[in-house]
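Please read the following report beside the sequence and the coordinates.

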Amino acid sequence: IETRIEFPEEEVSLTQDEIKAVIGELIKTLEKLAGSYERGRALLEGVSIALVGRTNVGKSTLFNTLLQEERAIVTPYPGTTRDFIRENIMVSGMLVKLVDMAGFGQAQDPVEEEGIVRGQKQADKADGLLIVLDASREETEEDLDLLEKYRHKKKIVVFNKCDLPQKINRERILQGYERVPSVDLSALTGQNLDKLRELIVEVFSPSVDKNEEIVLHEHQKILIDQMIAHLKEALSLLERGYTEEFVAEELREAVVLFAKIRGEIKPQEVLEQIFGRFCIGK
């Protein structure tokens, strides 16, 4: 396009359909690359997983068991955890940012209420959830509401306290969530804890092909999104019948953004490409 603009007397074999096809392919490639950002971020920064559930279902015990240390205070009294606690653990080589928080339910005082509000914010921001249920008690509407509230988030349903007589109706809990993985375990004894670790990796680990290019940094993602916008505008201009000068301006902006990602590209280099590829002035 630059060649046709700079040297209009030269015959360059390039149709508008060919230009549209190349720009279209570029857009597809960049959109795929931009879509890899969430996986790249997870690889670089780890995944955040929040433990959610009603009060006194054993979230803090499970938190401590996964950490293999007494980090969260555990008592038989509901509402012990007032604020969220965050710790990092490694699960099969994957960095996990584990978050324990106040149990959901009816707050007994303003402090507990504030803890619930903060916990909900952490759950909303998390990459995934461990929804912890007390299998030794019958399920409640609050349990069912919790699954519905986070229907669209990645999650594992943890039926805790499997070392006690079981009262929960698993079929009722998982009705409509057949594809959501679940595990029976005892946070107190550590029974089936290895199974939970396997599920954490299986469900939350970003799946990446070894040959796939991945965007790791938000700055790169922003630049790629801006490149896509300019390329789409170039395509739109062509389809609306604008001349190639207008199209070239959008492509130049995309090249500048590309230069920011890969290193500086100077106008002289564009001219060198033209003279290297086309028989100009000969």
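## Pairing of β1

β1 (47-52) and β3 (94-100) run parallel and are joined by 4 bridges, where two strands are said to pair if DSSP finds at least two bridges between them; helices (H or I, at least four residues) and strands (E, at least two) are DSSP runs numbered from the N terminus. Within this pairing, Ser48 stands opposite Lys97 in β3. β1 also pairs with β4 (128-134) in the parallel sense, over 4 bridges, and there the bridge partner of Val52 is Ile131.

Because 6 of the 6 residues of β1 are buried, this strand is largely enclosed by the rest of the structure; buried means under 20% relative accessible area, exposed over 50%, and partly exposed in between (1.4 Å probe, protein chains only). Val47, Ile49 and Leu51 point one way from β1, while Ser48, Ala50 and Val52 point the other way, and all are buried.

## Basis of the model

The model is a predicted one, in which local features need pLDDT of at least 70 and side-chain atom pairs count only at pLDDT 80 or more, whereas totals for chains, interfaces and linings use all residues. Residues are numbered from 1 along each chain as its sequence is written, and side-chain values use heavy atoms, with hydrogens and water left out.

The mean pLDDT of the chain (the predictor's confidence in each residue, from 0 to 100) is 82, and 83% of its residues reach 70 or more. Over residues 77-81 the pLDDT is below 50, although this stretch has 12 contacts in the model beyond near neighbours in sequence; contact means heavy atoms within 4.5 Å.

## Overall composition

The secondary structure of the chain comes to 11 helices and 6 strands, and 40% of its 282 residues count as buried. Among contacts in the chain with a separation of 6 or more, 71% are between residues 24 or more positions apart. The chain exposes about 16500 Å², of which carbon and sulfur atoms supply 50%; accessible areas come from the Shrake-Rupley method with a 1.4 Å probe, and for residues only the protein chains shown count as cover.

β4 and β5 (154-160) pair in the parallel sense over 7 bridges, and the bridge partner of Leu133 in β5 is Phe159. The chain crosses from β4 through helix α6 (residues 141-149) to β5 in a right-handed β-α-β crossover, that is, with the strands pointing away from the viewer, the path from the first strand over the helix to the second runs clockwise.

β5 and β6 (182-184) run parallel and are joined by 3 bridges, with Val157 opposite Ser182 in β6. Since 6 of the 7 residues of β5 are buried, β5 is largely enclosed by the rest of the structure.

Leaving aside neighbours within four places in sequence, Val96 is in contact with Val47, Ile49, Glu87, Asn88, Ile89, Val91 and Ile200.

## Loops and positive phi

Most residues other than glycine have a negative phi. Gln68, which follows α4, has a positive phi near 65°.

Val57 is likewise found in the loop between β1 and α4, but counts as buried at 0% relative accessibility. Leaving aside neighbours within four places in sequence, Val57 is in contact with Val132, Leu133, Asp134, Arg137, Asn160 and Lys161. Val57 and Ala135 are 78 residues apart in sequence and 8.6 Å apart in space, C-alpha to C-alpha.
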